[in-house]
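Let's take a walk through this structure together. Keep the model open beside the text and follow along.

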Amino acid sequence: EKFLFLILEIIKNYPNMNILLKPKHEPSKYNDYKTTNELIKNLSSIKKFKIVSGDIFSTKLSYASEAVISMPFASSGFEAMCLGVRSFYVDSMNVYKNSYYDNFKNLISHSNREALENLEHWMKIDQKDVVSQYKEIFQDSGIYNNTNKASEVIRKKIINEKIN
């Protein structure tokens, strides 16, 4: 629900930006809850908003995107970083405070307000400079020349965090 409110705020602040939402579950699940149902109806009436099928590979969407905003800690967000696409995570429920990803500037937002600030930050960065912004996290994750799969890196970090 909070993520959908964030999308509305982004549309308000960036009226020329197209928004593609790739939900984790079937979009019909939004109909099960009054608030999300109303939000989706409202969003669906906006020409710049579209819900895309879960069958579409996230990398395909990332290639076509100026920015990728993911829930914590979806591999699609890390894949976008590896592709050189502006990307960050939004922890709208603020349940992952002080996570591994909090070690990196502008990589995770713990509220919609922070998410809007991060989006503004990332949109100011020239496309050719995006990968250099992720240099520190890539090095810390053992990524050199984008050889590691994003999902493997994330899985390894989560496992190590749980063990330690």
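Asp129 is partly exposed, because its relative accessibility is 30%, while Lys128 counts as exposed at 67%. Bear in mind that this is a predicted model.

Now step back for the big picture. The protein chain has eight helices and five strands. Starting at the N terminus, these elements come in the order α-β-α-β-α-β-α-β-β-α-α-α-α. Of the 164 residues in the chain, 40% are buried.

H1 covers residues 2–13, and H5 covers residues 112–124; the two helices pack with their axes 10 Å apart, at an angle of about 40°. H1 is therefore oblique to H5, and the crossing between H1 and H5 is right-handed. What about H1 and helix H2, residues 34–44? Their axes come within 10 Å and cross at roughly 25°. An angle under 35 degrees counts as roughly parallel, so that is how H1 and H2 lie to each other. The crossing of H1 and H2 is left-handed.

Side chains of opposite charge can pair when their charged atoms come close. In H1, Glu9 and Lys12 sit three residues apart, which is about one turn of the helix, and they form a salt bridge with 3.8 Å between the closest N and O atoms. Glu9 is partly exposed at 29% relative accessibility, whereas Lys12 is exposed at 58%. Arg113 counts as exposed, with 53% relative accessibility, and Glu117 as partly exposed, with 44%. Across the whole structure, a search finds four salt bridges.

Let's finish at the surface. Where does Val95 sit? You'll find Val95 in the loop between strand E4 (86–90) and strand E5 (108–109). Val95 is exposed because its relative accessible area is 57%, and exposed means over 50%. Together with Met93 and Tyr96, Val95 forms a nonpolar surface patch with about 330 Å² of accessible area in total.

Terms used:
Residues numbered from 1 in each chain as written. Predicted model: local features only at pLDDT ≥ 70, side-chain atom pairs only at ≥ 80, totals over all residues. Heavy atoms only, no water. Patch = residues over 30% accessible without salt bridge, like charges linked within 9 Å, V, L, I, M, F, W, Y side chains within 5 Å. Areas by Shrake-Rupley, 256 points an atom, 1.4 Å probe, with all protein chains shown as cover. Salt bridge = Lys/Arg side-chain N within 4 Å of Asp/Glu carboxyl O. Helix = DSSP H or I, 4+ residues; strand = E, 2+ residues; numbered from the N terminus. Buried < 20%, exposed > 50% of the residue type's maximum accessible area, 1.4 Å probe, protein only. Axes fitted to C-alpha atoms, helices over the stretch in contact; angles between N-to-C directions. Parallel < 35°, antiparallel > 145°, perpendicular 65-115°, else oblique. Left-handed = near helix turned anticlockwise from the far one by under 90°.
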